[in-house]
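Let's take a walk through this fold, strand by strand, and then hop over to a helix. Keep the model open as you read.

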Amino acid sequence: MTELSSSTVSLRICQEGHANALSMSKDSSQIAVAGRSLLKVYSIEHDGFIESCNLRAGKSQNLSYSSNDVTWCPTDTNILATAATNGVISIWDLSKFGRQKQLLTYSEHERTAHTVTFHPTEQALLLSGSQDGTIKCFDLKNTNSVFTIYSNSEGVRDIKFSPLTTNVFAAVSENGTVQMYDIRKYEKCLLQFTAHSGAIYCCDWHPVQNWLATGSRDKQIKIWNMENKASLEYTISTIAVVGRVKWRPEKIHQIASCALLVDNSVHVWDIRRPYMPYASFNEHTNITTGIAWKGNNPQILLSTSKDSTIFKHAFKDASKPSSRANPQGATFGPAGDLFFSMKLKLQPPQQTPRGSKVSSILSRQKSVSTTDQFHIAQSASFKLLLKPSATGYNCEVKAGKYKESDGMIGCAKEYIFRAKTLAEVCEYNSLVSKKYGRHTASTLWNFIKLFYGSKEFTNRKPIQRTSFSNQKNNNRRIISKPLKTLEKSESKTDLNGSCKEVDSRRGSRDFDSISRIYYSRVSNQPVILENSEGPFDDYRSLRDGFLYVGPHDVTTALSLPEATLHHDFQAARHHEDMKTDHDDTLTQDVVSVLKVPIVPQVPMWEPHQVIADCLHLQADVGDVQTPLCIFVALGQARKELPIDEETVEFWFHAYIDLLQRYKLWNQAAEIIKLSWFQSVKELNQQSTSVHTSCGKCNRQILGNVGWLCSNCKTTDCSKCVVCSLVVKGLYVWCQGCGHGGHMQHIKEYFTKNSRCPKCGHCCEL
């Protein structure tokens, strides 16, 4: 046992595997922990845990004992239930001995059982949810299930009974829907609604309010008011997929959660300030798999993890992320204006009794405790403006007061991607960005217009770099001549060997285009540069006025006075000059003539890396719209930007998802059409099929069997519930009860009625 502090303790529970779930007993004195190779009961002591029962002792390693969930009976501290990975539901009695502890086993689920829960008041009733899409009710007095509910989803992930209405329970599914049933009238679904855009993995009822908390794969925790119709009250955005949620006792607005992936910590949130956790427990080194509060004590939280440990967390030892947050910040706007924001220190109102004299010391205002006033934290923002004459910034289009989402929506609706020229696209989109106050995006569009929309960029030709041999043969002509062939030539060299200009006249050969003669520091040979045809772009060969045409790795030797050079100037001489038995006159300084362009063309500066960095920065700060729209508008010029295809593909998916969240279907379809990625193009072909459901068993009708239900083997769902005739035209049905019919008949019926004509379900149109 490892004691982390005076109150927070931990215990390693298993060496072979880890726990998947935990459950607290009725009297909060014991905790049950279940996993793939683990099913133990521990007594909770002041300074740790003591193992009181091992239900897997001596058991063979079969899937019937590999548990996904465990729950304690709320009325009997000796009764436990587990849900196994092979679908088996097991009932355990801790008062028995040996193998008799396993009272009952139910093997009716066809796939993995995800959750199991007892009725709050009826000890013998038990509900379970499975990956086969069914909810089964078991009576411990019987060996078979009492009834089965078929969900509209492939898998039921969690079931919870309401503490206020004990016979009502909520079930969450992998298709993002929440269903409510009354166990006494299980044939009818009381309420069904879509709560998340992804699979829902957990839910929990508030102990005193009629609120239901749901956690989903979309990394959100949503709080629903279930008074009449489900209405969304609060939304908490987390950094990872939510695996468990649990309301904190005696704290109405606080809830604990743990992640299914990535995040190892347990966070406690205040739903009134959902932007950062109120408190965090960071002791686990792997994913947390189960959490539970110790009865009605809001100061003790227990958790288990894939690191095979149990922790009893003391709330006073929790870290407070808000205490490490930056209390102030500042930034400059595009017009030179300064924005400054700071946290305000809350002060309680001063209360002084009438007629009493209070000293100045006692009357001082005391700051409110940040622990109790976390949700009412306030900040103040200031904007310091500069005169246009001081900044030189003059915006022709005045930006109105828009929300950030309004600016994104407005730009999405008004941006264009095709015009006669790229400059027109950039200029128009820049004005649209200014209109909605998005000055950074406007500046980027102007940059693109300047760099890629100008004639210099569109008309420029790529530089064709050839090999060294081609440059030597095609672009340069080297002529070597002894110095004596130059008549009346004069040369001057200073003592340091620096090059000075030498005027030369025409010799026996015609050197009409000779312009300058330079002396090399190395060999004191003058090199004559002459005009010639062909481009010259090898600037690495220029050293101290000497043009070296040999291998580049030898050019460093030019700076060494004693270095011996063997370059192509020697190869350009006549064969007779290369003889070893030449006379001493040839050892004199030899002039070499080299033809090069008069003014080498300086290559154009390429802004590709700068623009790529700007687009990456915009995406990093949360604006994926601007980099993607610029990338699409560039057309073929986007190939110049050093941005990998995986990043651009991610931008496409993120922007399309953003457009669809704001119901901008036309703009999303346009972006999909402009994409060149196959995975993006296929988005228009996905999620276009809506499956009807059977009115009897409520199962979805899949496959190519028409109206035939594969479960109950009937085609009754093809008939209109109003006229009882087969529907051959437009078909309308209720997703709650599965009944439907002719669209005109259904409309006429529900103008006078509010419930289904066949089952009495409260349908909505």
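This is a predicted model: local features need pLDDT of at least 70, side-chain atom pairs count only at pLDDT 80 or more; totals for chains, interfaces and linings use all residues.

Strand 20 (residues 211-216) runs antiparallel to strand 21, and the two pair over five bridges. Pairing here needs at least two DSSP bridges between two strands; strands are DSSP runs of E with at least two residues, helices are runs of H or I with at least four, and both are numbered from the N terminus.

Residues are numbered from 1 along each chain as its sequence is written, and side-chain values use heavy atoms, leaving out hydrogens and water.

Now follow strand 21 (residues 220-225) onward. Its other hairpin, with strand 22, has five residues between the strands. Strand 22 (residues 231-237) is again antiparallel to strand 21, over six bridges, and in strand 22 Ser-231 is the bridge partner of Asn-225.

How well covered is strand 21? Six of its six residues are buried, meaning under 20% relative accessible area with a 1.4 Å probe and protein chains only (exposed is over 50%, partly exposed in between). Gln-220, Lys-222 and Trp-224 are buried on one face, and Ile-221, Ile-223 and Asn-225 on the other.

Finally, jump to helix 10 (residues 625-633), where nine of nine residues are buried, including Pro-627, Cys-629 and Phe-631. After helix 10 comes Gly-635, with a positive phi near 70°.
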